[in-house]
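The structure is shown below.

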Amino acid sequence: METPLVLTFDIGTQSARCLLVRPDGSFADIQQVKYDEPYYARNPGWAEQRPDYYYDRICEVGRAVCGRNPELLKNIIGVTVTVIRDTVLCLDKNNKPLRDIILWLDNRQAEFNDPFPCYKKWLFKFAGMDETTKIIYRATAANWLKQNQPELWAKTDKFVFLPAYLHYKMTGVLVDSEANMIGHLPFDYKRRKWKKKSELTRCITDVPDEKLCTLIKSGEVVGKITKEFSENSGVPEGLPLIATGSDKGCETLGLSVTKSNKAAISYGTTATIQMAVKKYFEPQQFMPAYPGIPNDIYNPEIEIFRGFWMLSWFVKEFGAEDRIEAEKRGCSPEQLLDKYIEKIPPGCNGLLLQPYWTPGVINPYAKGSVIGFADYHNRYHFYRAIIEGMCFELYDSLKLMEKRSGLQIDELFVGGGGARSDIVCQITADVFGLPVKRIQTHEACSIGASMVAFIADGVFKDYDEAIEHMVHEKDVFKPREKEHEIYMELYSVAYRKIFGKLEPIYRKLNKVYKRREQNEQ
């Protein structure tokens, strides 16, 4: 019997991939294309992209894989696509885009023009949500569009996340998965449905019901691959497109994290730590747990908005010599830097970094900080301090989620581009004091998305069986007792106190810059 295959598209922030995935978790083929321009900014802080940019990249990588493997196309049982989160489009009545895509990286702000009814304002204030509701309202793209492009908003028939539009382009059916509903839309995360009009928090990210698309569950068929998409991409016409979930949700699944004693760390552009639980809880106050895969799972998550982007930033800004040396050696700058920082002791001889290069919703005034500089520190200490700072922050996040849930994590699985680094994985194990496991591939997101299709087709009876066949532990990084003791002392006496000490200064800095901006205007 021929081996069944799933054709999976993984649409990330910086690149797109197409993979032919086997039931044993290996790949019959893979094609990646890096974006020439991941996004463009019409104004400072904006991040936009052409409406069909991601669709065109899907077609590009699809043509490459399908063109190389004509003999395998008959073995494909289904197609999946997993996509970056909180990236939105305005569509007209014919599902044609009315403007460019607004990416999750976009920092434009709506004006908070006192939009809430008085009784809700008092309730928010009483619950301690006053500042959080304002932050979320300002960050909601729909609110900005209503204020700044009202005529376009009036023409908008559907306001959707990127996966829904790609589903439409591939099948002619405009629906989205519940597990893709991660972002600034009026979605009830606990009930996995659109919020009712009467709900207290609907007003924060409100979009009229008629502008919202139909939601289906992971594992359901979105529709069949159309002739037009087949001609553009090489994907056989008539194949079912199976609904999956967000890129992070698929990655967590692909790392085998479906039980409450495991956690998944993603070292990507954004660094995240996710759990998988059946009982809903807020990982941080007023922040939801996201809908996961399987459909009865929630993924509580805390993220560092600038994760391993910070290492790329460091190489760009301070690593000119290292880039030249790496090119001579035939390796990446990050691989070269890994060699140098191995010689630096845990704690970087007193250098500590807090990775708030981009603040979060809970700490909107935060700035990045580095303390402990001395005359013997160099750029390699700084580079290692970035990695240790991310690990400290993720550790702090896990401790918070454990406290809020009453659960305890005893296994960590790592994915994303940063997980390719042995020293990053070892530092993670040493900070957390837990074994850190790396699976057979860094393409965990595609493994997870493919699982959904294999189960939908009956190749596997459930996710436990799919994980058993598709996920294979390749490396285990065990924590070193001495290093863990050093990190825990640094965490308890210094790292966990940094933000509390500096927050008043951050707030004052914010006021200074706001005042300067107003004066300049």
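Predicted model: local features only at pLDDT ≥ 70, side-chain atom pairs only at ≥ 80, totals over all residues.

## Pocket and sheet

The second largest pocket is lined by Asn43, Pro44, Trp46, Asn107, Arg108, Gln109, Ala110, Glu111, Trp144, Gln147 and Asn148. The pocket has a volume of about 210 Å³, and its lining comprises four nonpolar, five polar and two charged residues.

Turning to the sheet, six strands make up an open arrangement with the order 19-16-15-22-23-24 and mixed pairing. Strand 19 (301–304) and strand 24 (473–477) are the edge strands; each has a single partner, so one side of each lacks a neighbour in the sheet. From one strand to the next, the twist averages 25°.

Within this sheet, strand 15 (residues 262–267) and strand 22 (residues 411–415) run parallel and are joined by five bridges. Ala264 is positioned opposite Phe413 of strand 22.

Helix 8 (residues 247–254) packs on the sheet, where it touches strand 15, strand 16 (271–275), strand 19, strand 22 and strand 23 (436–439). Helix 13 (residues 422–432) lies across strand 15, strand 16, strand 22, strand 23 and strand 24. The table gives the direction of each helix relative to one strand.

| Helix | Reference strand | Angle |
|---|---|---|
| Helix 8 (residues 247–254) | strand 16 (271–275) | about 60° |
| Helix 13 (residues 422–432) | strand 23 | about 150° |

Definitions and conventions. Residues numbered from 1 in each chain as written. Heavy atoms only, no water. 1 Å grid on protein atoms, 1.4 Å probe; cavity = no way out; pocket = protein on both sides within 12 Å on 5 of 7 lines; lining within 4 Å. Points joined across faces, edges and corners; volume = space filled by probe spheres on them. Nonpolar A, V, L, I, M, F, W, Y, C, P; charged D, E, K, R; others polar. Pairing = 2+ DSSP bridges. Helix = DSSP H or I, 4+ residues; strand = E, 2+ residues; numbered from the N terminus. Axes fitted to C-alpha atoms, helices over the stretch in contact; angles between N-to-C directions. Contact = heavy atoms within 4.5 Å.
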